[in-house]
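I opened my notebook to look up a few strands and helices. Here is what I had on screen.

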Amino acid sequence: MTPSSSAESIKADDPTSLPAEVCFSVAKATDLLLTIAEALVELGLEGFLFEDECWTSFDQIDEVLKSKRTETYRFVQKHWKEDCFFGYQFLNGANPTLIRRCTEVPPNFAVNEETLHGLLEGGASLQEEMERGNIFLVDYWRLDGVTPNIVNGKQNYLTAPLVLLYVNPKNSLVPIAIQLKQTPGEDNPVFLPNDAEFDWLTAKTFVRGADFAEHELNAHFLRTHLISEVFAVATLRNFPMVHPLYKLLISHFRYTLEIDTLARNLLISDSGTLSKRLYTGQLPQPQDRGSSQGRQRIKVTLPFTNEGYVEGVVSYYYRDDDVVVRDSELQSWINEIVVFGCLGDEKKGFPKSFSSVKDLVYFVTMVIFNASAQHAAVNNGQMDYFGWIPNAPIGLQLPPPTTKGQCSERRLLSSFPDINAAVHGVATVYLLSKKPTDYIPLGGSAEQLFTENVPMEMQERFRGDLKILSNEIQTRNVGLTLPYVYLDPANVEDSVAR
């Protein structure tokens, strides 16, 4: 294992250093030969590789980025300026991980009742709406102090915004206040929906740029890829192939070690795409703040669960808590996860050991969920939501506004990444979103490692439940203007493999 500031990673200079059993199949390796350069050709963008000029109009962006558009992409392109769609993306876009219910405005967010006067419908006060549960907060504090890259010789700018959102009487989630930097001050105004059009749109664009950076490095790479890598290495090192948890988990680590090795070499290395063309290749620290600022997770019911399946398999082999306690291989597994994945920091929330079947079921469910559904939620919609550059700038090359009344359409267009940097960014999210040729959906592995009837029957039941759920979701999506498809089990890959 190789140490880093946040966790340890597998010691592999390149994919040839990895054991054969964790490497790509021939089909997967062939699929991955589609490099950024070939993706540019597939997208019809290869002619713009040396154009380091600024965009001149939104029509020009539309003309250049015209290939491989999905229906969702077209919807994003049409509605990206709208407040309702801006709010919608915090729940249903490519990064639905940051929004929290707000019961108390953070002390570093210069918002009060007077600031929001007239913005809350029906004459309600901010305090009243917080008490009703209608106020939400998105805080990009983790980006504070992250150094952006220099692209095409131009310094990029990355903010750490705070965004206050409101569920209005129409049940739409809309932004009501944006502060672009963490420390309030004269040069850090709070932007409001009733400001001048391009003041407000520019503030929202800096938020969307911050969301792209936070998503790629934290919500996506760190919290799904790298966390799954920790689980995968601990599984390979501590469980023999006959161990029931090896049999239960191993399919959910298919290709994870190689895809992460490639990501380190091709995306976040000094010469990688994220470092050369995008905001930053620097991983933010994964720690969480406490709840002192009144932030709470939104309680949602995801259209997916594997806890019943995991509970059935685990409880078949672990009949009582004593069996859990006495399994030395299991205890070594969780100890290695804490020591190497969390660097021994118990505040990360991982247990040091297991003492009950219930706790084991919960943790194993989380491991499988993270490698499958969680990754699908933050990976599969990247081209849909990030392909239209104005909605998710991969970099902004003018500083954020420090006063109101200075923004314009021309200034906003000049803020966007140069044409060649933009097309590289689009090619990157296209590759990350593209379904592989040897795609295996959740529960779809053909390899049968269990030999006992009970776990094999549970696997079949799980697959059947997933098919039923998939049909229900597809039926529910019929007729929706913008269906949510990323947690349809048919679209959830069995492992972090792209």
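My entries below go from a set of strands to a pair of helices.

**Ground rules.** I am reading a predicted model, where local features need pLDDT of at least 70, side-chain atom pairs count only at pLDDT 80 or more, and totals for chains, interfaces and linings use all residues. Residues are numbered from 1 along each chain as its sequence is written, and side-chain values use heavy atoms, with hydrogens and water left out. Helices (H or I, at least four residues) and strands (E, at least two) are DSSP runs, numbered from the N terminus.

I started with strand 8, residues 173-179. Seven of its seven residues are buried, meaning under 20% relative accessible area with a 1.4 Å probe, protein chains only. Next I checked its partners; two strands pair if DSSP finds at least two bridges between them. Strand 7 (residues 162-167) runs antiparallel to strand 8, with six bridges. Leu-162 stands opposite Gln-179. Five residues lie between these strands in the hairpin, and there Asn-171 takes a positive phi near 65 degrees. Strand 9 (residues 190-191) is also antiparallel to strand 8, with two bridges. I found Ile-178 opposite Phe-191.

**Helices.** I then turned to helix 13 (residues 328-341) and helix 14 (residues 357-379). Their axes, lines fitted to C-alpha atoms over the stretch in contact, come within 13 Å and cross at roughly 55 degrees. Which residues of helix 13 meet helix 14? I noted Leu-330, Trp-333, Ile-334 and Ile-337, which meet Leu-360, Phe-363 and Val-367; contact means heavy atoms within 4.5 Å.

How values were computed:
Buried < 20%, exposed > 50% of the residue type's maximum accessible area, 1.4 Å probe, protein only. Axes fitted to C-alpha atoms, helices over the stretch in contact; angles between N-to-C directions.
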